[in-house]
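This report describes one protein chain, part by part. Please keep the sequence and the 3D view at hand while reading.

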Amino acid sequence: MNIYPLIKTQPPPGTGRLLLWIWLKIMAVFMALAFVLVIRVPGQIRGYIYNIFREAARAQVMISTRHMLTLSDDHFVVRYYPGDADGALLVLKTAREFYPLVSRDFRFSSKKKIPLVVHPTRESLNASFGWPASESAMGVYWAGVIRVLSPNAWIDARDPRQVEEVFVASGPVAHELTHLVVDYITRGNVPRWFTEGVAQYEEYRLTGFRFARTGDFAGQPLYDFAEMERGFERLPNQTLAYWQSLAAVEYLVEVYGEESLHKILAALGQGRDMDGALQQVAGQDLDQFAAGLGSWLGQKRDGRSN
């Protein structure tokens with residue numbers, strides 16, 4: 001059932017490769033400058049600069065994918081390759097289903113249509129970020145744009161209803177939409193471990209999918225949160241890193257309440273670092289929070305807490 005009016009278009013006619021090349025070069029220089037400023041300028045000013053950087057990057061993606069086929073409605077613009085119309089339709093339908101729920105949970109409303117780029121193969125998705133072919137991501141959020149691996153590339157089923165059921169339950173859309181919302185609320189000022197924890201938390205609430213149970217790694221030495229913030233993607237045990245991120249958010253919500261999650265995101269959006277946001281909301285710095293998380297996980301392991 002269609003929730004919003006749907007428009008299907010062919011790729012727009014060319015307006016000159018030279019102009020497109022010049023525009024992309026201008027955007028690349030602007031984004032590089034904005035990125036440097038984001039790193040060097042503290043606080044709320046950095047948030048404003050990041051907003052400009054993100055919108056410039058988003059515009060560049062919209063231009064660079066203009067040759068692709070397009071589906072659009074009130075909230076999304078879906079770019080896809082020929083031969084994958086059914087995959088693109090399913091991605092759009094799933095995004096329509098989750099967007100109102102994620103928006104409600106985080107009190108968020110996008111002022112612009114959200115770009116969704118559907119890649120027909122894993123190699124195509126990885127190549128868009130310059131990643132090696134061995135990367136196994138099914139979805140990636142970056143700078144206002146969500147990229148998704150087509151359901152047809154990884155779901156081994158012929159029945160369209162079964163494909164849809166699998167994609168909705170274990171696909172990347174709910175997770176990546178949450179990343180987008182967190183990015184906009186915090187103006188990009190969010191540690192990687194925290195946005196991963198929040199995205200997994202919301203994904204589990206909406207779909208029931210999770211990588212591991214809360215107690216699965218209880219008793220195992222945890223990563224230092226400062227180490228997770230410096231180089232999350234370089235940590236040797238990525239499963240543990242993702243599990244710890246989710247456990248930290250679940251601990252925060254169980255001990256300090258659901259509202260604490262929203263208050264921390266708001267504090268990050270105001271330019272505070274994670275340590276300052278935790279002190280403001282929970283009365284603990286990051287080290288104290290980590291100690292509390294360890295004790296909480298110990299209780300989970302020993303069966304003294306449900």
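Ala143 counts as buried in this predicted model, because its relative accessibility is 2% and the cut-off for buried is under 20%. Ala143 sits in the loop that connects β5 to β6. Its phi is positive, about 55°, although Ala143 is not a glycine. Most residues other than glycine have a negative phi.

Arg107 is another residue with a positive phi of about 55° that is not a glycine. Its place is the loop between α3 (85-106) and β4. Is Arg107 buried or exposed? Arg107 is exposed, since its relative accessible area is 58% and exposed means over 50%.

The loop that holds Ala143 belongs to a hairpin: β5 and β6 form it, with 2 residues between them. Strand β5 (residues 139-142) runs antiparallel to β6, and 4 bridges join the two. Within this pairing, Val140 has Arg147 of β6 as its bridge partner. Strand β6 also pairs with strand β4 (residues 114-119), this time in the parallel sense, over 4 bridges. Here His119 is the residue opposite Leu149 of β6.

How many residues of strand β6 (residues 145-149) are buried? The count is 5 of the 5, so the strand is largely enclosed by the rest of the structure. The side chains of β6 are divided between two directions: Val145, Arg147 and Leu149 point one way, while Ile146 and Val148 point the other way. Both sets are buried.

Helix α7 (residues 192-207) has 16 residues. From its first C-alpha to its last it reaches 22 Å, close to the 22 Å expected at 1.5 Å a residue. Its buried residues include Trp193, Phe194, Val198 and Tyr201. After α7 comes Gly208, with a positive phi near 85°.

Tyr50 is part of helix α2 (residues 43-64). What does its side chain touch? The side chains of Tyr50 and Asp183 are joined by a polar contact of 2.8 Å. Tyr50 also has Arg187 at 6.5 Å, C-alpha to C-alpha, although the two are 137 residues apart in sequence.

Gly294 belongs to helix α12 (residues 286-302).

| Residue | Relative accessibility | Class |
|---|---|---|
| Ala143 | 2% | buried |
| Tyr50 | 11% | buried |
| Gly294 | 34% | partly exposed |
| Arg107 | 58% | exposed |

Gly294 is partly exposed because its 34% lies between the cut-offs of 20% and 50%.

Some totals describe the chain as a whole. The chain contains 12 helices and 6 strands. It has 306 residues, of which 48% count as buried. Its accessible surface comes to about 15300 Å², and carbon and sulfur atoms account for 55% of that. Among contacts between residues at least 6 apart in sequence, 67% join residues at least 24 apart.

How values were computed. Residues numbered from 1 in each chain as written. Predicted model: local features only at pLDDT ≥ 70, side-chain atom pairs only at ≥ 80, totals over all residues. Heavy atoms only, no water. Buried < 20%, exposed > 50% of the residue type's maximum accessible area, 1.4 Å probe, protein only. Pairing = 2+ DSSP bridges. Expected span 1.5 Å × (residues − 1). Polar contact = N/O pair within 3.5 Å; in protein donor to acceptor, adjacent residues only side chain to side chain. Contact = heavy atoms within 4.5 Å. Areas by Shrake-Rupley, 256 points an atom, 1.4 Å probe, with all protein chains shown as cover.
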